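Good morning, colleagues. Please look at the sequence and the structure now.

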Amino acid sequence: MKILVINSGSSSLKFELIDMTNEKTLAKGICERVGIANPIFTYKNLVKGTKIDKQEAPMENHSIAIDLVLKTLQDQEHGVITNVDEIDAIGHRVVHGGEYYDDSVVVDDEVIKNLEDVSALAPLHNPANIMGIKVMKELLPDKKNVVVFDTAFHQSMLPEAYMYAFPYEDYTELKVRKYGFHGTSHKYVSELVREVLGKEDSKIIVCHLGNGASISAVKNGKVVDLDYDKYIAYMGRQKTPGAFDNVDLSTGENNEFGDETTNNKHFTEYMLEHSTVNGTMADKKIIKMMNPMNYIGNSKVKYWRIR
């Protein structure tokens, strides 16, 4: 069985073709600057050892980018398959599944609808993920698409762990709660540790340290608490800084908003300008809720930089 794994971003597309009979990667690469000036294609054939290194290629949209990936995988010089019939399924990394999913699922119309429903919770990621799914369904309509969520593994948390001390309607109306991210990493690491320890009854602290950072407490294979998520990063209460976390907003040091008398206004304006869902503006009430000054006043706060 050969699985094509896709990680679709707003202007990028990472891909990897894996032979699951031996769990070996056959080829991998990335499409960069999709839909913007000077797009770049990088590809490596791990069977033959050939590669395409940062080659400029026309990629006006994700459909063209994925079509380039499929053609390269079948290319006589660089390819690793004869035709797309050798691809059994497509796997997609999706950032946010909300409360809908606690495991991976096969894509159907309802799944896409649910992903769109929670896109306001991950406005920079979910719309791009959804776009990649739709393009693959269009180009390879006979293949199954499976989505794997960053949030799924953390859905075992109880309300006392995932609820915030905010007005309850922020949860019921805006879906604000602790969801957790990097779940595929936390799941893999915790399961491997349990295997190495040789015990089912276990309490494990998992640290995901990289461009993004998060820490989870896993008891007997289930997440009971964690220390990072996108919402709390906005409001300065998360303890594990990631690459997009800024320093103290109220000092005006190393941030884009200036002093504390103006950062409230600028934060909201910045969020409204940069947060979109399916090409439309994210919910203004959510943006207002995420403004740190609405909750913390003049205390020192951090925010996760929107790009």
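The side chains of Lys187 and Glu191 form a salt bridge, with 2.8 Å from N to O. By salt bridge I mean a side-chain nitrogen of Lys or Arg within 4 Å of a carboxyl oxygen of Asp or Glu. Both Lys187 and Glu191 belong to helix H6 (residues 183–197), where they stand four residues apart, about one turn of the helix. Helices (H or I, at least four residues) are DSSP runs, numbered from the N terminus.

Before I continue, a word on the source: this is a predicted model, in which local features need pLDDT of at least 70 and side-chain atom pairs count only at pLDDT 80 or more, while totals for chains, interfaces and linings use all residues. Residues are numbered from 1 along each chain as its sequence is written, and side-chain values use heavy atoms, with hydrogens and water left out.

How many salt bridges does the structure hold? There are ten. Another of them joins the side chains of Asp67 and Lys71, at 3.2 Å from N to O. Asp67 and Lys71 both lie in helix H1 (residues 62–73), four residues apart. Asp67 is partly exposed at 28% relative accessibility, whereas Lys71 is exposed at 54%.

Key. Helices (H or I, at least four residues) and strands (E, at least two) are DSSP runs, numbered from the N terminus. Buried means under 20% relative accessible area, exposed over 50%, partly exposed in between (1.4 Å probe, protein chains only).
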